[in-house]
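Subject: Structure for you to look at

Hello,

Here is the structure I promised, with sequence and coordinates together. My notes on it follow below.

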Amino acid sequence: MPVLPCRPNTFLYHNELYQFLSHCQQNCAADSSQIVSISLEVESVDPLVVLQEIAQPNQLSFYFENKSNQQAIAAIDAVAQLQTCGVKRFSQAQKFVSSCLDKIIKVGTSNEVSTGPHFFCSFSFFNETSQIDYPFPAATIFLPRWQISRCGDRCILVANFLIDNETNLSKLYQDWCQKIRTINLLKFQSNSTNNYNSISRSQHIKNIKNFKQSITSSLKLIESNYFQKIVLAHPLDVSVDRPFDLFQSLENLRNIHPGCYIFAISNGKGQNFIGASPERLISINNQQLSTDALAGSAPRGKTLAEDTKLANCLLSSEKERYEHCVVLDFITQCLYQLGIVPQVLSPRLRQLSNIQHLWTPIQATLPTNVHPLEIVAALHPTPAVAGVSRDVACTKIQDYERFERGLYAAPLGWLDDQGNCEFIVGIRSALIDRDRARLYAGAGIVAGSNPDREIAEIQLKLQALLKALV
Ligand SMILES: C=C(O[C@H]1C=CC=C(C(=O)O)[C@@H]1O)C(=O)O
């Protein structure tokens, strides 16, 4: 991938960008195209506000925020995309990314994480989606036309221009200038209001009897050693008398769940998948890999004393620790098999606004020959969202659950041209389709699980999400 060593800012003042694009176009062979990727530092803006202002309902988009790291990224519209399904979807995604990178001319030399082209990915839980009209493919990978990221106070705009012999460069150049003007106007805007007054009354899942039977049946299979753990989920359907307000709901999510990853993915056809997940699948920053074993849960207490008691019970519960340990063992074994030596940090609690989890962070230095998507493919689904043994648990999940998991509990994230990435697990999530929303949450079932308590845990997770939707 060629890199043009120049300061992108000079383009703003000297029209050099136009000349440069024109030069790229002249060098394009008759039937080929190139992608010019320009990174430019802009004044600090909220990427969520930019998404709201610029993204059109008929465009793919992706929003991803990690408030505790002061990082957010929005990707809008696609210059290249792959939609696929099947067991090879991760390797196909990898090939697609490398074929795009072969075409990219990168402008600017900085290799900071938020500069340069990023690819945004959503994979479904299973290799195929079985519901015929499910609105997201089993894998979508796209290179956005516009990408805006914020890291602390710094903001980087990345524009990816697809150029071939037919491209109207004047239009492209005008579009670039227009976007910069728009973003500059957004610098003082933020969506910092809370508005929880729509459907915030609690709602409960239906068909609880069937779900309870699935848990009881799973417990029998666990007792007979058919499998050791299964994670069963349940949807909650809600509707309102007008379309859901996506951006206000995201604003609410970021305020209610500051410790979670906030995400929103649009399929460009009017449906959005959004959520606040506490679970990272992997992140890689300069060859340093971080992943988490996160499983085993208790509610937060209403008082400090109650909270401490619940935390201590969680830390000492044999059942919760087992549920957690199978996740930790699976992740570490998987990494070893990929030739990665994990360093397991001390176990701790991950305390969120409504719930607390057992959490063991895992770190490793990556060998250069392992691609981020190979790690995603090997780890997904971990026993935090599937079970042990994995294949048996996945088959039983399909027997018990009468709904399409789709993007629920699936790998969602981005990777860049430097081998950096961040993928989360799409739990505590909702599919929004105009005035209807389907919310998802699940719980791990192991020996000793109490069906009523597992159902209460799922209700707790669902209500926290429901509260944010307006
Ligand atoms: C599957 C979910 O949570 C997983 C992640 C953390 C704790 C879990 C648990 O304690 O059951 C689950 O394994 C979900 O929230 O839908």
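Helices and strands here are DSSP runs, numbered from the N terminus; a helix has at least four residues and a strand at least two. Bear in mind that this is a predicted model.

Start with the loop between helix H5 (169-185) and helix H6 (208-223), where you will find His204. His204 has 10 other C-beta atoms within 10 Å, so it is exposed. Its C-alpha atom is separated by 9.9 Å from that of Val238, 34 residues away along the chain. Helix H6 itself holds Lys209. Lys209 also counts as exposed, because it has 7 C-beta neighbours inside 10 Å.

Now the domains. The protein chain divides into domain 1 (3-185) and domain 2 (208-466). Their C-alpha centres are 28 Å apart. Domain 1 puts 40 residues into the contact, and domain 2 puts in 39. On the side of domain 1 that touches domain 2, helix H3 (47-54), strand E3 (60-66), H4 and strand E6 (118-123) are the elements giving two or more residues. The largest share comes from E3, with seven residues. By class, that side of domain 1 has 23 nonpolar, 15 polar and two charged residues.

H10 (residues 372-379) has Pro372, Leu373, Ile375 and Val376 buried. These four cover an arc of only 155° around the axis, so they sit on the same side of H10. The cover over the buried residues of H10 includes helix H4 (89-103) and strands E12 (280-285), E18 (411-416) and E19 (421-425).

H9 (residues 318-337) has 20 residues. At 1.5 Å a residue they should span 28 Å, and the end C-alpha atoms are 28 Å apart, which agrees. Among the buried residues of H9 are Glu320, Glu323 and His324, along with Val326, Phe330 and Leu335. Just after H9, Gly339 takes a positive phi of about 80°.

Last, some backbone points to check.

- The peptide bond from His380 to Pro381 is cis, with omega near -10°. Pro381 is in the loop between H10 and strand E17 (387-388).
- Val388 and Ser389 are also joined by a cis peptide bond, with omega about -10°. Ser389 lies in the loop between E17 and helix H11 (390-400).
- Asn225 is not a glycine, yet has a positive phi of about 70°. It is found in the loop between H6 and E9. With 8 other C-beta atoms within 10 Å, Asn225 is exposed.
- Gln287 is not a glycine either, and has a positive phi of about 70°. It is found in the loop between E12 and E13. Gln287 counts as partly exposed, because it has 14 C-beta neighbours inside 10 Å.

Best wishes

Technical notes: Residues numbered from 1 in each chain as written. Predicted model: local features only at pLDDT ≥ 70, side-chain atom pairs only at ≥ 80, totals over all residues. Buried ≥ 20, exposed ≤ 12 C-beta atoms within 10 Å, placed from the backbone. Arc of directions from axis to C-beta. Contact = placed C-beta atoms within 7 Å. Domains from an automatic or database assignment. Nonpolar A, V, L, I, M, F, W, Y, C, P; charged D, E, K, R; others polar. Expected span 1.5 Å × (residues − 1).
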